Amino acid sequence: MKLKKQHTEEVKNQFALIKSKNDIVNLINYVNELLYGIDYRPLTEKGFNFYANPKLSKTRYTSFCIKKKSGGDRIINAPVNGLKHILRPLNIILNSVAEPHHKATGFVIGKSIVDNAKQHVDSQYVYNIDLKDFFHAFDRNRVKLGFMYAPFNFGGDAEPLAFSLASLCTHPFEINGEMKTVLPQGAPTSPTITNILCIKLDRRLNGLAKRFIINYSRYADDITFSSQTNVFRKAEFLDELNRIINDQKFEINLTKTRLQQVGYRQEVTGLIVNTKVNVNSRYIKQLRMWLYYWEKYGRFKAEHIFKQDYKVEKGHVKKGQPNFENVLSGKLEYLKMVKGQNDTTYLKLRKRFELLKTKDSSIERILSVWEKEGINEAMSQYQLEK
């Protein structure tokens, strides 16, 4: 959530005056009041200290696995409610005080995967690299140092505040058989903190891109370069790229590195960028297919077919029963975001969807009248609906 401009300025002003842990608590409460009005439970310094100490609050996080598209498991660490109600307003505070590099697009207010992909449209070559174990690369000491320097400036006598904030935002996890206190993947503050701590990485990689006259962007751990000439096989470029990545204490995931040439499908964060930012053709075909089933067979059978297809495609990732109408609506909203609200393909599919919803609502009303008042009243309702 983004605060109004006057509230953002007030957060900045209050943050600049922070001298104690109690000042941090008061600012968190100020943001919570903006978010929830008087219906929030004020944070106390005792509560802050409890959640900032993993030895006291050993169960600050619950962990669960979701399946990756490429196979394997991704572990998500979700904060418990008490901690979440601290980290959410703190994340807003961090976003108000700090601004990421302009080439960072992931988890940045006002930016999306579309903004990331746009920078690489109509390129001869698109080069993608992935940073390995991204969130786990940020340990507590690295986060503390981030809070000690600009724009937070909790250095010198204020270093204990930097340590408290770093302790609040990190947690001990077992990683490859070793306990490490790192940023959890699943905490509201983690993406924001990575963007802040990656400013130097972004600045250096953008400088490398300018040197070779190519484009650069980063969406979390997904780094993309694009160019009209193939500089991505040159030792000079690759050596400097690896040196920057290693200097910033990251590691490239070689299994996810790929060079996409013109003439083949070029993707950036899941979007096609060959001639314009677009979804892949399968996305459109699938939407049309489900709407066609709804039109031809009615909602009940269409939903049955949809759930079968959805289970095959997403069953390894998502549990529970999907809501047919909600999924279609969400996919249409995504299509609008990518292609634009005036795109003819989007408008045609949205019109079909709205007509089907209206038709179903009409049938439900007629059946309800039939059940309550009989066939004659139902027929009258039918004439009205026509």
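Start with C169: is C169 buried or exposed? It is buried, at a relative accessible area of 0%, since buried means under 20%, exposed over 50% and partly exposed in between, using a 1.4 Å probe and protein chains only. Select C198 next: C198 is buried too, with a relative accessible area of 0%.

A quick word on ground rules. This is a predicted model, where local features need pLDDT of at least 70 and side-chain atom pairs count only at pLDDT 80 or more, while totals for chains, interfaces and linings use all residues. Residues are numbered from 1 along each chain as its sequence is written, and side-chain values use heavy atoms, with hydrogens and water left out.

Now go to S164 in helix α7, residues 159-169; helices are DSSP runs of H or I with at least four residues, strands are E runs of at least two, and both are numbered from the N terminus. S164 is buried at 10% relative accessible area. Show K21, F48 and A52 as well: S164 touches them, leaving out residues up to four places away in sequence. Contact here means heavy atoms within 4.5 Å.

Jump to N116, in helix α5. N116 is buried, with a relative accessible area of 0%. Its side chain makes polar contacts with the side chains of T105, at 3.0 Å, and S217, at 2.7 Å. A polar contact is a pair of N or O atoms within 3.5 Å; within protein, one must be able to donate a hydrogen and the other to accept it, and residues adjacent in sequence count only if both atoms are side-chain atoms. Beyond four places in sequence, the residues in contact with N116 also include Y219 and V268.

Time for rings. There are 24 aromatic pairs, meaning rings of Phe, Tyr and Trp (its six-membered ring) with centres within 6.5 Å; planes under 30 degrees apart are stacked, over 60 edge-to-face, the rest tilted. Pick F107 and Y219: their centres are 6.1 Å apart and their planes at 40 degrees, so this pair is tilted. F107 sits in the loop between α4 and α5, Y219 in strand β6, 112 residues apart. F107 is partly exposed, at 47%.

Finish with R142, whose charged end sits over the ring of F250, 4.8 Å from its centre. The rule: NZ of Lys or CZ of Arg within 6 Å of the ring centre and within 35 degrees of the ring normal.
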